[in-house]
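Hi,

Here's the structure I said I'd pass along.

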Amino acid sequence: MVGSAATAGLDPEQLEAVLAPRGPVCVLAGAGTGKTRTITRRIAHLVDSGQVNPGQVLAVTFTARAAAEMRERLATLGVAGPGNVVAAQTFHAAAMRQLRYFWPMAFGDMRWELLDHKFRMVGRVVRDLGLDASDRDLLRDLASEIEWAKSSAVGPEQYAAEALRVHRDVPTDPQTVMRVFAAYEDAKVAPNGDRLLDFEDLLIYTTMILQSDPSIAEEFRSRYRSFVVDEYQDVTPIQQNLLEAWLGGRDDLTVVGDANQTIYSFTGATPSYLLDFTRKYENATLVRLQRDYRSTPQVVHLANEAIGKARGRIAGTRLKLVGQRPAGPEPIFAGFDDEISEVVGVVAQIRKLIRAGVQPAEIAVLYRVNAQSEAYEEALSEAGIDYQVRGAQSFFERPEIVAALRRLVSLAGGPPPPMQPVDAVRHALHQVGLTESEPKGANARSRWQQLLRLVEIVEAIAAEGPQLDFAGVVAKLEERSKMRHAPVGAGITLSSMHAAKGLEWDAVFLTGLHEGSMPLGRASKSTDDVEEERRLFYVGITRAREHLHLSWSLSRGEGRGAKRRRSRFLEALVPVSKSAMDFEPLPERTEPDPDVLAALTAWRTRFAESEGIMESNVMSKSMVRAIATAVPTSIEELAKVRGFGAERADVIGRAIIEVVDAALPGKNAKT
Ligand code: ATP
Ligand code: MG
């Protein structure tokens, strides 16, 4: 078969994976080494060589976009066309189809319907439990917790213990989550047995049917014989259960993945199935790919350096990538004084690339949180450069912004408010969720960040037009939202780093690489979280084929919060350079930070009291000063403060880092 379309242009390792006999195959490899290419070729080869019929192959991945991409590649290879169909689907789509087919056989007349708004159902049960259901963000976060628990195969009764074990960012007390979760599960079942199934249930029920009904299992297994999973590092326990139910003890399974690209742990995904694959299937063909076909040696070098600093079990599995492409430009590192300068600098560089002939569709701007897209949307609109926002609506289309704008417009139609326009806006937005301090829970926080951003836009409008009254400011705001370019196909891509996984562009801009944003402020508490952020940084770097631009800013802007540091992930990556764009890291402190010192002193007193020990036994005064001088950002850094030591760090390290973080608002700057 060598020489066919399926095997042409593959390197020896890729070829080994493609040609391996039917049975367990595991491809463990870094970014850009051709994993997705290898599995599509393997499918084509199995089909071409008559080892399996196309209809017997089930290829699964995690996003609809990735599934579509796989179908496209299979179609090019001639094995996904009409009448010659390899199923390439997401886990959910595959489960839904199977459930539709098998449900009547398993449950007879009992009916099911898809519950696609978990959030509404959560609202209903919260009300039925007599709890306050007015906080929509809390409802959303409760829904996310239920989703995580179900994806992790954790039931209501185990929720509290598991959430504690994995340090979940629980939106309210765990007992309440547990009660809501249990009530939610009950509420989906009608007295006559009919039921609503959420997305996790699709997987759970399909698995259950296949496990408990031998004749259905028999029918399924005679239909599908060969299974392939892309991005296997992101599988959740219930997806894994389904996969095992599909297999039913068979072993015709090809998986590919990169544990160092695990970036969805917070949804329950885990790389352990990938890493344990060859232990489970001792006869598996294991292939490692190291040649990077995507990126220039310059980008590859930086990727190796960045992930080279990772720690822990996952990091132990990484391989050094070897760049295969011709040399390209050195990555550009650019530090700026404030966020606006960063956006201006990035857009200037984008123009330069376009002038040099890079296609706009081959350029991406990646950021850590979706709220960061707005500044780029704005600047690109102004520069007349088309763009599209991937994985999220563009700023002015987001529901909270649409709602906020509607409210402002309706207020602007009434009597003028008795205060400054900006204050009036703030006041109005207060009522739609702009609280004084950052709220708890991911959804609440995201919404809050968007609203904060809206206030900043209003501040800018008011600064440009000091004569404008409230209605005038709101009119400008509306105008601004309408001016935005409608998304078009060929523009540059704006995307979160998460949504960029698996994709590639000629030019990639990684933006907002400062502490508090990368790693995210709330993620810099535990080592595991920081490591996941580091992997995200690695995913970002490895999206670039040729041009890579890494930028950060040292403050939010004039008078808005304290100075902040560039990302710890950039340490030792940024070349020492005399470029005017480059900023040296902030000078090391020689004196304690007064805020940190005060906060730590107070904490020491409280802690000593609560433990019934002397303050000096918690730590000495000079130790408190040493910590307030070093301002550590992680437990590891804390352990290195002279005299503190790893043992003490184990016991009180986390608490101290939290105190330091809370005392340094600039470091946790909202982004
Ligand atoms: P990621 O981890 O980011 O998902 P991946 O390992 O799946 O990456 P692919 O997307 O399959 O990598 O391949 C990366 C790029 O390298 C693609 O443009 C692909 O066409 C190209 N490529 C892969 N293998 C080869 C090869 N043997 N020869 C030439 N180009 C290749
Ligand atoms: Mg891939």
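**The sheet and its helices**

Strand β2 (residues 57-61) and strand β6 (residues 226-229) run parallel and are joined over 4 bridges. In that pair, A59 sits opposite V228 of β6. A quick word on terms: strands (E, at least two residues) and helices (H or I, at least four) are DSSP runs numbered from the N terminus, and two strands pair if DSSP finds at least two bridges between them.

Before you go further: this is a predicted model, where local features need pLDDT of at least 70, side-chain atom pairs count only at pLDDT 80 or more, and totals for chains, interfaces and linings use all residues. Residues are numbered from 1 along each chain as its sequence is written, chains are lettered from A and ligands numbered from 1 in the order written, and side-chain values use heavy atoms, leaving out hydrogens and water.

Back to the strands. The pair belongs to an open sheet of 6 strands, ordered β3-β2-β6-β7-β1-β8 with parallel pairing. β3 (87-90) and β8 (285-289) are at the edges with a single partner strand each, so one side of each has no neighbour in the sheet. On average, neighbouring strands here are turned by 15 degrees against each other, direction ignored.

Two helices pack on this sheet, with contact meaning heavy atoms within 4.5 Å. Helix α3 (residues 64-76) touches β2 and β3, and its direction makes about 170 degrees with that of β3. Helix α11 (residues 237-247) touches β2, β6 and β7 (253-257), at about 160 degrees to the direction of β6. Axes are lines fitted to C-alpha atoms, for helices over the stretch in contact, and angles run from 0 to 180 degrees between N-to-C directions.

Cheers
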